[in-house]
Amino acid sequence: MLNRPLKQYILLIITGISILFSCKQNPKHRISKADSIKKKIVKEWNKTIPGSFSDQTQSVFDSTQINIFLKKYPAFAPYAKDINLFYNKRKFAYAWYEKGILIEQAGNLVDRLNNLQNEGVYKAIPYPKSLDSLVFDAHPKTTKVKAKINITTELMLTAQYFVFSKLAFQGMSDSVTRAVNWYLPRKKVSYNDYLDSLLKKPGKSGVTLFEPVYRQYDLLKNFLAKYRHLDTTDKWQPIIIEKKLKPGDSSAVIAQIKKRLYKLEDFSGDTTSNVYNDELKDAFKQFQLRHGLTADGIAGAGTIAELNVPLKTRIRQIIVNMERCRWLPVSLNTDYLAVNIPEFKLHVYHADSLLWSCNVVVGQKVHQTVIFYGEMQYIVFSPYWNLPESIIRNEVLPEIKRNPNYVNEHNMIITGKENGLPVIKQKPGPANSLGLVKFLFPNSYSIYLHDTPSKSLFGESSRAFSHGCIRVGEPAKLASFLLKYDTTWTSSRINKAMHLGKEQQITLKHKTPVFIAYFTAFTDRNNKLNFRKDIYNRDEQLASMVLSGTGSY
């Protein structure tokens with residue numbers, strides 16, 4: 001019992017499938033699916049954790065024992081406030097003992113602490129040998145739990161819970177997120193309250209408990225285990241194609257491809273067949289969709305390159321994005337927008353239910369879109385474009401030198417001079433670089449969402465073309481969503497305002513949260529693992545901090 005895999009200590013988050021990064025799902029279908037998954041979770045809870053959590057109040061200890069413990073184990077000093085608060089609320093009743101015996105969750109916690117790499121964590125916990133010797137008998141082959149109440153064991157378990165919560169649920173410190181240019185607000189969870197609720201009998205609260213971490217984390221964790229298993233059982237040699245393959249071809253390498261796609265759960269047919277059949281074409285399409293490639297079912301160079309990515313590279317990618325998941329809010333009970341930069345997608349939600357998604361264009365590598373949070377406040381129809389000084393200096397002025405009529409030809413006007421540069425605006429209209437509408441969420445990065453006259457770029461598989469702002473593939477639909485609380489803004493009125501040729505700014509009745517995020521690995525609504533290229537080279541710096549165990553927590 002004590003060595004069980006630790007999905008048992010705290011329930012894994014699988015009620016929804018992904019939040020931020022899925023596409024084209026019917027919300028009604030999703031809710032129905034979530035309900036069935038929730039029933040399965042409750043059943044699994046009852047099966048894997050027999051008995052009750054401790055809520056006993058008879059066995060108590062003197063509060064001075066906490067200070068004695070912390071002097072003996074000074075590495076727990078950062079958690080002193082949490083430990084004291086937790087026991088103050090319990091009136092210093094033992095939490096990990098029931099009728100003089102350690103509850104099952106004690107062994108489960110130790111198991112999970114001893115296997116932190118399953119969480120994608122490589123940081124060493126303090127006092128691991130003391131923890132094991134306190135919780136388990138000295139005899140190495142026994143799993144019998146000590147039956148005598150021990151205050152040091154009690155406090156060690158509580159202190160280690162807060163260590164685990166910091167590492168697995170909260171993740172690296174704010175200094176790390178700033179170092180990797182992640183400016184989204186960090187989630188805030190009271191792990192003290194959470195531990196207190198875990199140690200109550202489930203029947204009394206009537207609430208099923210889940211881990212306080214964004215649900216993508218647990219989905220990625222499942223794939224981390226799968227990919228590690230693959231890495232230990234498969235040599236993953238590169239697949240070499242001497243000539244371009246197409247449907248109907250027959251070759252020994254085709255069977256090799258089928259076997260790899262089978263292991264990656266994209267192909268379910270006959271892996272011994274050498275024929276490039278429809279089943280393989282469909283498998284390629286699914287694989288291509290999962291990797292952000294054009295889903296044509298053709299074994300092109302890009303597709304084969306993705307097939308040949310080493311498993312250890314994918315494992316690093318999963319671990320990096322698990323860490324990012326720790327930083328996000330657990331859930332939101334409101335409308336919100338989320339842009340995943342490497343996916344080139346905008347996702348629109350209500351209370352964590354995906355409503356719709358569309359393609360976006362994000363910043364080039366030299367003009368990176370910032371990872372941050374804002375609140376949508378304004379819509380501007382038929383906007384002027386106020387050219388940034390950097391574009392005027394580096395792009396427009398050189399063009400004016402070559403062509404003095406450049407400003408007029410591009411429907412621009414010069415309205416003054418500032419900082420030694422002309423102040424230039426582009427007039428509203430179909431040729432305006434912002435298109436027919438822009439969406440403003442005030443921020444210090446001068447980033448906003450907008451339409452564009454360059455519609456063809458939305459058909460590209462890689463869409464990093466802008467100067468940092470985010471071009472939206474379905475701007476009228478987004479405007480309708482943001483204005484839904486004002487019934488006077490009908491589709492026809494929105495269309496008219498977009499084509500009026502006169503700037504009109506609307507203040508939204510309800511501010512809408514906007515998350516600009518960066519995930520190169522995530523699961524979709526079909527529970528398929530997706531990978532995207534690290535277009536801004538953000539993964540490696542974080543991976544080195546996580547895998548070395550030297551990152552600040």
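Predicted model: local features only at pLDDT ≥ 70, side-chain atom pairs only at ≥ 80, totals over all residues.
Residues are numbered from 1 along each chain as its sequence is written. Local features need pLDDT of at least 70, side-chain atom pairs count only at pLDDT 80 or more, totals for chains, interfaces and linings use all residues, and side-chain values use heavy atoms, leaving out hydrogens and water.

**View 1. Helices H4 and H5 pack together.** H4 spans residues 104-114, and H5 spans residues 128-135. Helices are DSSP runs of H or I with at least four residues, and strands are runs of E with at least two, numbered from the N terminus. The H4 and H5 axes lie 11 Å apart, at an angle of about 155 degrees. H4 is therefore roughly antiparallel to H5 (an angle over 145 degrees, on a scale from 0 to 180 between N-to-C directions). Val 110, Leu 113 and Asn 114 in H4 meet Leu 131, Asp 132 and Val 135 in H5. Contact means heavy atoms within 4.5 Å. By class, the residues in this contact are 4 nonpolar, 1 polar and 1 charged.

**View 2. Strand S15 pairs with S4 and with S7.** Pairing takes at least two DSSP bridges between two strands. S4 (residues 335-340) runs parallel to S15 (residues 504-517), over 4 bridges. Here Leu 337 stands opposite Val 514. S7 (residues 371-381) runs antiparallel to S15, with 9 bridges. Tyr 373 faces Phe 515 in S15.

**View 3. Ser 466 sits in strand S13.** S13 covers residues 464-466. Ser 466 has a relative accessible area of 2%, so the residue is buried (under 20%, with a 1.4 Å probe and protein chains only). Beyond neighbours within four places in sequence, the contacts of Ser 466 include Val 361, Gly 363, His 367 and Arg 471.

Methods: Parallel < 35°, antiparallel > 145°, perpendicular 65-115°, else oblique. Nonpolar A, V, L, I, M, F, W, Y, C, P; charged D, E, K, R; others polar. Buried < 20%, exposed > 50% of the residue type's maximum accessible area, 1.4 Å probe, protein only.
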